[in-house]
Amino acid sequence: MIFQERSYSVLIVSASRNFNTAMASLLPVSEFWPVSTVGSVASARRELLERAFDIVIINAPLPDDLGSALAVDVSTHSQAAALLLVKSDIYDEVYSEVMEYGVFTLSKPTSAQLLSQYLKILCTARERIRRLEGKQQSVEEKIEEIRLVNHAKWLLIECLSMSEAEAQRYIEKQAMDLRISKRQMAENVIKTYE
């Protein structure tokens, strides 16, 4: 097995002891930890409110619902990768219902080898989601910096009668001279003039 720096937290939603036992054997602690198992959609929803998971595996049907709505919710409202296992006779219908939401679907019965491959696919999907989260955070930070710099510029324009270009240059030069970020300089200007 390839050494992995990261481990993935897993929520298994299944009412079948046999399935839970089979999944446990496919989830080595070195790669998947912690692993939580619940037996219903209601229990899964409570568990998802308490903590975030990297991977959610749903073995349908469940006592209180099929599980497809839960899979869609996980995929659209969290950063987890979701796998929904359904009986082969309803696979096509369920797949077409959930695929546009990014839910991975697998028909049952299935093999341990195929489940193991899907686990690797889910880990890959989770890594992609992590990268996108990082990019989104970076963009949000840049937007916030632009907002602060603009606010500081308008304060300089209003209070010191600078032109917009002079205010921009002032913030950039002061940030460079003081060896601080433009964001920090903008925050200093805002504190001073508000």
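A crossing of two helices is called left-handed if the near helix is turned anticlockwise from the far one by less than a right angle, and right-handed if clockwise. This is a predicted model, in which local features need pLDDT of at least 70 and side-chain atom pairs count only at pLDDT 80 or more, while totals for chains, interfaces and linings use all residues. Residues are numbered from 1 along each chain as its sequence is written, and side-chain values use heavy atoms, with hydrogens and water left out.

First, the helix pair. Helices here are DSSP runs of H or I with at least four residues, and strands are E runs of at least two, numbered from the N terminus. The axes of H1 (residues 17-26) and H5 (residues 112-160) come within 10 Å and cross at roughly 60 degrees. Axes are lines fitted to C-alpha atoms, for helices over the stretch in contact, and angles run from 0 to 180 degrees between N-to-C directions. H1 and H5 are therefore oblique, the class left over once under 35 degrees is roughly parallel, over 145 roughly antiparallel and 65 to 115 roughly perpendicular. Their crossing is right-handed.

Next, the rings. Rings of Phe, Tyr and Trp (its six-membered ring) pair if their centres lie within 6.5 Å; planes under 30 degrees apart are stacked, over 60 edge-to-face, the rest tilted. There are two aromatic pairs. Tyr8 and Phe32 are tilted, at 6.3 Å centre to centre and 40 degrees between planes. Tyr8 sits in strand S1 and Phe32 in strand S2, so this pair ties together parts 24 residues apart in sequence. Tyr91 and Tyr95 have centres 5.8 Å apart and planes at 20 degrees, so they are stacked. Both lie in helix H4 (residues 91-98), four residues apart, about one turn of the helix.
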